[in-house]
Structures are given as structure tokens and as C-alpha cells.
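Hello,

Here is the structure we talked about. Please look it over before you read on.

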Amino acid sequence: MKFSILINEGPYTHQASDSAYQFAKSVLAKGHEIFRIFFYHDGVNNATRLTTPPQDDRNIVNRWSKLAEEHKLDMVVCVAAAQRRGIVDEGEAKRNGKDATNLAPGFRISGLGQLIEAGIQADRMVTFGD
Amino acid sequence: MTIKKFMMVNRKAPYGTVYALESLEVVLIAAAFEQDVSLAFLDDGVYQLKRGHQTKGIEMKGFEKTYGALEDYDVSKLYVDQESMAARGLTADDLCVPVEVMSRAELGKLMEEQDVVLSF
């Protein structure tokens with residue numbers, strides 16, 4: 001089956017991103033396909049490479065980047081939600097005159113159309129949020 | 001393009017969190033993709049449609065008008081949970097747009113018919 005996943009909450013405050021990660025791993029382990037993982041609302045905060053949790057805690061951001069690399073996942077961060085919350089890649093930094101970037105590897109910034117397309121293309125869209 | 005039935009489920013009051021505003025953005029994009037879009041309002045989400053948002057005092061951009069503009073995007077399926085309205089002393093007359101008020105059971109049936117349910 002082809003899944004899309006929507007993550008609406010940031011890391012650490014909510015369990016949503018953890019649950020989504022466990023779900024994504026299970027989906028892949030069972031031989032299913034993930035069409036896209038879309039990060040919206042505070043979920044975009046899962047995509048900052050500047051996250052530095054204590055050493056004995058899980059690194060939620062790095063974990064996503066690693067999973068994306070291993071399975072060639074398409075992880076998309078909503079551009080409007082990212083702009084509001086200061087999640088920036090090189091293109092966005094240039095466009096908006098920012099002096100830094102923080103988008104973690106494996107993520108890309110794009111529009112909400114990617115969420116709708118994910119809903120259209122997948123057999124199941126699963127939301128993780130508040 | 002494939003047309004699917006998308007339902008955005010709105011459960012939160014309009015300005016306390018950003019969910020209502022960002023849900024509207026998804027609605028507009030889904031409409032632009034010519035999908036079969038409907039909106040459901042339940043719990044505190046019914047407050048999103050309450051007429052007369054006044055946001056000057058909280059220095060936030062009001063978006064009540066967007067609900068009125070949904071029809072221009074061919075989005076006219078707005079469903080409201082009767083129990084949530086009653087619990088908050090609201091009737092359809094208090095709302096800024098025409099809606100269909102229905103029971104939880106009816107709303108549940110509608111959700112079952114959807115291809116994609118996005119809950120905000």
C-alpha cells in the first residue's frame with residue numbers, strides 16, 4: 001500500500017513526530033511504500049538541523065534525515081509554515097534576505113500543493129498531530 | 001487529474017492556535033487543485049464560524065472574511081456538529097456563513113465517505 005504522512009507538531013513537545021517516525025519505520029518494514037512525508041504547522045520545526053538535544057535523548061531531526069537517506073523518502077516542509085517559523089534553505093534565505101540557513105539534510109521546502117498531491121497519490125493519508 | 005474527496009476537520013478556536021488559519025490555506029490549495037473539498041467544524045472549531053471576529057485588540061490578522069469567500073472557490077460544503085454548537089450556546093444564526101448543521105452520527109457517516117480526512 002502507498003502511504004502519505006502528515007506531521008503537524010514540532011519535536012519534543014508533542015509525541016506526534018515520534019509516533020510518525022515509528023509508524024513510518026513500520027510501514028517500510030512491512031514492505032509498503034511512503035509516497036511523501038509532509039510537515040505542516042509546528043511540524044516544520046522537525047526540519048531544523050540546529051536542534052541539539054541532550055546526548056542521552058533521541059535526536060528527532062537527525063533520525064528523520066537518516067530514515068530519508070536510507071529509504072529515499074520525500075520529506076517536504078510547507079514553505080508558508082516554514083517562513084513563519086524561521087525554517088530556511090538557501091533559496092529561501094536568498095529570497096527573503098536572511099543571513100543563515102537551517103534546513104536539515106533530507107528535507108525540502110515546497111508548497112501546500114505537495115500535501116494535496118500526497119493525498120491524491122496515496123492510498124492512505126495518515127495525520128499525526130494534536 | 002484524479003479528484004478525491006478531501007475533508008478538513010476543524011476542532012480548534014480561531015486565534016488561540018494557528019490551526020484554523022493554516023487549515024484555511026490547505027482548503028484554498030485543495031480547491032485550486034479542483035478537489036472535492038468539504039469542511040467540518042466540531043468542538044471549539046465551531047467558534048471559527050462565529051460572526052463578528054474582532055482581532056484588533058489581540059493584534060492578529062482576522063480571517064472571518066475568508067470563510068465568506070470560500071464559495072468563490074467552489075467550496076460550499078460546510079458541516080457543523082450540532083452537539084458542539086448546542087454546548088456553546090450557538091445556533092446557525094450566529095454564524096458568518098450558511099452551513100449544514102448535523103448530528104455526530106451524520107457527520108461520522110460523511111467522514112466515512114471521504115478519501116482524505118485532514119484534522120486540524
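This is a predicted model: local features need pLDDT of at least 70, side-chain atom pairs count only at pLDDT 80 or more; totals for chains, interfaces and linings use all residues.

Residues are numbered from 1 along each chain as its sequence is written, chains are lettered from A and ligands numbered from 1 in the order written, and side-chain values use heavy atoms, with hydrogens and water left out.

**Interface**

Chain A brings 19 residues to the contact and chain B brings 22 (contact: heavy atoms within 4.5 Å). About 1700 Å² is buried between the chains, 61% of it from carbon and sulfur atoms (buried area: accessible area, 1.4 Å probe, that two parts lose on being put together, summed over both). A:His41, A:Ile116 and A:Ile120 supply 34% of what chain A buries there, more than any other three residues.

There are 4 salt bridges between the chains (a Lys or Arg side-chain nitrogen within 4 Å of an Asp or Glu carboxyl oxygen). In one salt bridge, B:Lys12 meets A:Asp130 at 4.0 Å, N to O.

**Backbone**

Most residues other than glycine have a negative phi. A:Lys72 is not a glycine, yet its phi is positive, about 50 degrees. A:Lys72 is exposed, at 74% relative accessible area (exposed: over 50%; buried: under 20%; partly exposed: in between; 1.4 Å probe, protein chains only).

B:Glu59 also has a positive phi, about 55 degrees, and is not a glycine. B:Glu59 is exposed too, with 76% relative accessibility.

Best wishes
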